[in-house]
Amino acid sequence: MTKDTSFSQKLLHWYEFNKRDLPWRETADPYAIWLSEIILQQTRIDQGMAYYIRFLDAYPSVNDFAKASEDEILKLWQGLGYYSRARNMHHTAREIVSQHQGHFPADYQSLLRLKGIGEYTAAAIASIAYNLPHAAVDGNVFRVLSRINGIETPIDTGQGKKQFTALANELLDPQQAGNFNQALMEFGATLCTPKKPGCANCPFNTSCVALRNKTTESLPVKKGKVKIRTRFFNYLIINDGSHTYLSKRTSNDIWKNLYEFPLTETSDKKELHQTLVESQLILPQNAKIEIEEETPWQKQVLSHQHIFYRFIYLKIGGKIKLPSSAIKVNKKDIFNFAVPKPIEKELNRNNWL
Ligand code: SF4
């Protein structure tokens, strides 16, 4: 691995002429930077931008964010996925107000102590808001550095993280830490892309090891593949005149604190009859059940889980016995609740109301 002393100059020069116009690049407000960084984790820029603007409009400061209820935050976050990000942000906003008088800590270590803020985000906020010399190493940075230097250490290992972070810190221009970090990430996001990188227009194409060795496709190296869990969700939509029922997901699982229709999780795609038998908790045996509609199975792909789901519309004669977590909801109020993607899609498909 060689250190190219002109690396940061070339990179910053490229950035000056090629950076995209993005709203969070116009601010040094740590709150706005934090918001953009958390939203953009696992989210495409075009989708994230709409949420960023929406959140800043609704909550212009960390104090406003902290004052909101968690339900309000989750509702505004709906559709972005990875809801623990929103819950952690809410927790952190409240901590900043109660422990730091509403001001973001201005050093890397204190930022790192906040919930939901890892090394990457702490470095991004410290460098962009306070110009402190900490390299922010995200997936783009791993890719660029592994290709330019031909590094084959797997990026998903402790050793890989250490090696790439040390190299990024060595290359960082301490006078322009925020710009350097943004430039390197932008370079990876728009030029040194995972597939078909723009090597012909790259300022490093005379020294890039991966280009020379024709290994751009195989770098960066990843060691382990994520194990995927497959689950089967049967949602029961109970027609009780102008009302239906929702439950809040409270356990430490996907979509925590979002609302959903009463759920029966089965071990595979069970017959409808078997599903209803397994949902005894919800439907007493003597109830008269009319099945109004049964949707086909659909699939929601999450990073570590594949969720197969369907909706069963039921009309039930007699008193309905539901788990204590269920609440009776007026159908026209249902859009006020933060719900996971499958439920949102079903409400839109079915012209709810
Ligand atoms: S030459 Fe190609 S692979 Fe190498 S850094 Fe430039 S864009 Fe990436």
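**View A. Asn-234 is buried in the predicted model, with a relative accessible area of 0%.** Buried denotes under 20% relative accessible area, exposed over 50% and partly exposed the range in between, with a 1.4 Å probe and protein chains only. The model is predicted, so that local features need pLDDT of at least 70 and side-chain atom pairs count only at pLDDT 80 or more, while totals for chains, interfaces and linings use all residues. Residues are numbered from 1 along each chain as its sequence is written, and side-chain values use heavy atoms, with hydrogens and water left out. Asn-234 belongs to strand E1 (residues 229-239); helices (H or I, at least four residues) and strands (E, at least two) are DSSP runs numbered from the N terminus. The side chain of Asn-234 makes a polar contact with the side chain of Thr-266, at 2.9 Å. A polar contact is a pair of N or O atoms within 3.5 Å; within protein, one must be able to donate a hydrogen and the other to accept it, and residues adjacent in sequence count only if both atoms are side-chain atoms. Not counting residues up to four places away in sequence, Asn-234 touches Pro-262, Leu-263, Thr-264, Thr-266, Thr-275, Trp-297, Arg-310 and Ile-312, where contact means heavy atoms within 4.5 Å.

**View B. Arg-231, also in strand E1, counts as buried at 4% relative accessibility.** A polar contact of 2.9 Å joins the side chain of Arg-231 to the side chain of Asp-253. Leaving aside neighbours within four places in sequence, the contacts of Arg-231 are Arg-249, Asp-253, Ile-254, Glu-265, Gln-305, His-306, Ile-307 and Phe-308. Asp-268 is 37 residues from Arg-231 along the chain, and the C-alpha atoms of the two are separated by 7.3 Å.

**View C. Helix H9 (139-149) is largely enclosed by the rest of the structure, because 10 of its 11 residues are buried.** The buried residues of H9 are Asn-140, Val-141, Phe-142, Arg-143, Val-144, Leu-145, Ser-146, Arg-147, Ile-148 and Asn-149. Their cover includes helix H1 (7-18), helix H10 (158-171), H11 and helix H12 (209-213). H9 is followed by Gly-150, which has a positive phi near 65°.

**View D. The largest pocket has a volume of about 880 Å³.** On a 1 Å grid over the protein atoms alone, a cavity is a set of points where a 1.4 Å probe fits but cannot get out, and a pocket is an open set with protein on both sides within 12 Å along at least five of seven lines; lining residues have an atom within 4 Å of a point. Grid points are joined across faces, edges and corners, and a volume is the space filled by probe spheres set on the points. Of the 29 residues lining the largest pocket, Leu-40, Gln-41, Asp-138, Gly-139 and Asn-140 lie nearest its centre. Two or more lining residues come from each of helix H2 (30-40), helix H8 (119-130), helix H9 (139-149) and helix H11 (177-190). By class, the lining of the largest pocket comprises 12 nonpolar, 9 polar and 8 charged residues. Ala, Val, Leu, Ile, Met, Phe, Trp, Tyr, Cys and Pro count as nonpolar, Asp, Glu, Lys and Arg as charged, and the others, Gly among them, as polar.

**View E. The second largest pocket lies between domain 1 (7-213) and domain 2 (229-349), because both give residues to its lining.** The domain bounds come from an automatic or database domain assignment. The C-alpha centres of domain 1 and domain 2 lie 37 Å apart, and their contact takes 9 residues from domain 1 and 15 residues from domain 2. The second largest pocket holds about 650 Å³ of space. Its lining has 25 residues, of which Gly-81, Tyr-82, Tyr-83, Trp-255 and Leu-302 lie nearest the centre. Helix H6 (84-99) and strand E6 (298-301) each supply at least two of the lining residues, and H6 gives the most, with 3 residues. The lining of this second largest pocket divides into 7 nonpolar, 12 polar and 6 charged residues.

**View F. The structure holds 2 cavities of 30 Å³ or more.** The largest cavity contains about 100 Å³ of space. Among the 14 residues that line the largest cavity, Phe-187, Cys-192, Cys-199, Cys-202 and Cys-208 are the closest to its centre. The second largest cavity contains about 40 Å³, and helix H14 (residues 341-349) provides the largest share of its lining, 3 residues.
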